[in-house]
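The sequence and structure come first.

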Amino acid sequence: MKKIIIITAAFLGLVFTACESELDLNSPNDITVDQYWKTESDAQAGVNSIYAMFYKDGLWARWMYFRLDLTSDEGYSVSPWTELADWTRFNYINYNFWEGNAVTWRDTYKAIFRCNQVLANVPNITFQNEDDKKKIIAQAKFFRALHYYYAAVIWEDIPLVLDPSTPADLPQQKKVTEIWAQIEKDLNEAFVDLPSQWPSDQTGRPDKGAAKAFLAKLYMQQHKWPEAKTALEYLITGPGARYGLVTNYRDNFTDVNENNSESVFEIQFGDQRKGGTGEDPNAAVSSNRGQFFAPRGIGWSDGQARLWLVNAFKEEKNKDGNLDTRLRWTLYYPELLADFGDKTYGRNWEWNNNEAWFRKGSRDYYRNNEDYYSQVNYRLVRYADILLRYAEVLNETGNTAQAYQYVDLVRARVNMNTLAVAHPEIGNDHDKFLERLKTERVLELAGESVRWEDLKRWGDLDTQASVDKISLRDPDFKNFKVGKNHRMPIPQSDVDNNPNLEQNSGY
């Protein structure tokens, strides 16, 4: 799949540059909309251009991790670039700040534009096999839902654009409930026509399992527990039950065993091209996360982990009396060498007080530095996440006793005692189980861009008392304003230019 995306993304990046910015102009050097969308190959290249958006700065190449990992209580920034660091600690002054806000907004809507182009034009193309057309349309619906999902998590009330846009458009802002409803519609429709599994030469495309996984995430954010339960059961006990936990936890974070049995949906990265992140044919198809999150002297060191994560791992030993091995592959921290015999990027290290860094997403296993071209795929949804979500849903639907087994599956992989043995005080108490599950999700998923949506779903950002509790482990939350900072400000330039758009309350 990596090579398929790379080849077509280079072409479509040029095709759709004209479409995205100046639809009313005919350039002799660009293909116009009227000239395009004629053949099956046009349709296939069109849908592949949507995948190319994963490689843009504003999305999963770089800045999305700042929004989801560093804004949460798992991470923070002490970057000398003060404005960048301020955008991880709720000090939002310039709402048009490019790296902190505007580029993610722009690239989100560019991705949605590409989806809308496919959805508007591919139905008019004649295919030899109608199932091939349906799969292309289903992929576009899946990705439109995916990008709207993260936009809703970040900004909430946003424009809902469902047709190819033009520069003169002034889209209406919709409440987040309407955004959720459209995401649900797109995912359900995509599910019908996506395959249960793609052939090996198409690995990396979303399938029915990926659609159900995002439906589960969507329902859970809205506390629609029965609907979430049904979606998750497709993956666990239903027709889509083909996933399993890999034996080696580390295999989820290197390029050695990608697209494995635990992967429900992952972004395909590669280091074959060393271009920039714009629309040129040599634009990179890699992740920049390691470059920005690596320790000083190795990367830019703009984002790091909170030390409380290390302490959370050390609160409980495994069955053999040893440390939870997930700590080894999740974080760099002062005792890493003493605890597991690992040097940080193969180097001796002088640590500052309270210092830790994310190991997930790094390439330390064969490099002693980071750059902008990491080929390590990003597992956007893992089966371990699905199991823990199912446990949460069971707890919320009055089935706490049944929920234990799904947490235990995740714990067993790393030789931890069953939850009942390790924490018998929980019993069948809903609140105690949920509090423990919050920790279980941290131990399994820290640094995987799920914590922010978790905090929102649990209501931990809704009251001053809960925010004060978070601030004990993440002092940045002392700046958090309840009723305001649970969502980001919309770029002010968009608000100023669109009379149908209002700035989020409190900003």
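## Basis and terms

A polar contact is a pair of N or O atoms within 3.5 Å; within protein, one must be able to donate a hydrogen and the other to accept it, and residues adjacent in sequence count only if both atoms are side-chain atoms. The model is predicted: local features need pLDDT of at least 70, side-chain atom pairs count only at pLDDT 80 or more, and totals for chains, interfaces and linings use all residues. Residues are numbered from 1 along each chain as its sequence is written, and side-chain values use heavy atoms, with hydrogens and water left out.

Asp-157 sits in the loop between α6 (130-154) and β2 (158-159); helices (H or I, at least four residues) and strands (E, at least two) are DSSP runs, numbered from the N terminus. Its relative accessibility is 10%, so Asp-157 counts as buried (buried is under 20% relative accessible area, exposed over 50%, partly exposed in between; 1.4 Å probe, protein chains only).

The side chains of Asp-157 and Arg-487 are joined by a polar contact of 3.2 Å. Leaving aside residues up to four places away in sequence, Asp-157 touches Gln-173, Lys-174, Lys-175, Val-176, Arg-487, Ile-490 and Asn-504 (contact means heavy atoms within 4.5 Å). Val-176 is 19 residues from Asp-157 along the chain, with 4.8 Å between their C-alpha atoms.

## Annotated region

An unreviewed UniProt entry annotates residues 38-220 as "domain: SusD-like N-terminal"; such annotations may be inferred rather than shown by experiment. Over residues 38-220 the chain is 57% helix and 3% strand, and the end C-alpha atoms are 40 Å apart.

## Salt bridges

The structure holds 49 salt bridges, each a side-chain nitrogen of Lys or Arg within 4 Å of a carboxyl oxygen of Asp or Glu. One of them joins Asp-69 and Arg-289 at 2.9 Å, N to O. Asp-69 lies in helix α3 (residues 64-70) and Arg-289 in helix α10 (residues 289-293), so the pair ties together parts 220 residues apart in sequence. Asp-69 is buried, at 0% relative accessible area, and Arg-289 is buried at 2%.

Arg-144 and Asp-186 form another salt bridge, with 2.8 Å between the closest N and O atoms. This pair links distant parts of the chain, from helix α6 to helix α7 (residues 176-193), 42 residues apart. Both Arg-144 and Asp-186 are buried. Glu-233 and Lys-229 meet in a salt bridge of 2.6 Å, N to O; they are four residues apart in helix α9 (residues 225-236), which means a separation of about one helical turn. Lys-229 is partly exposed, at 23% relative accessibility.
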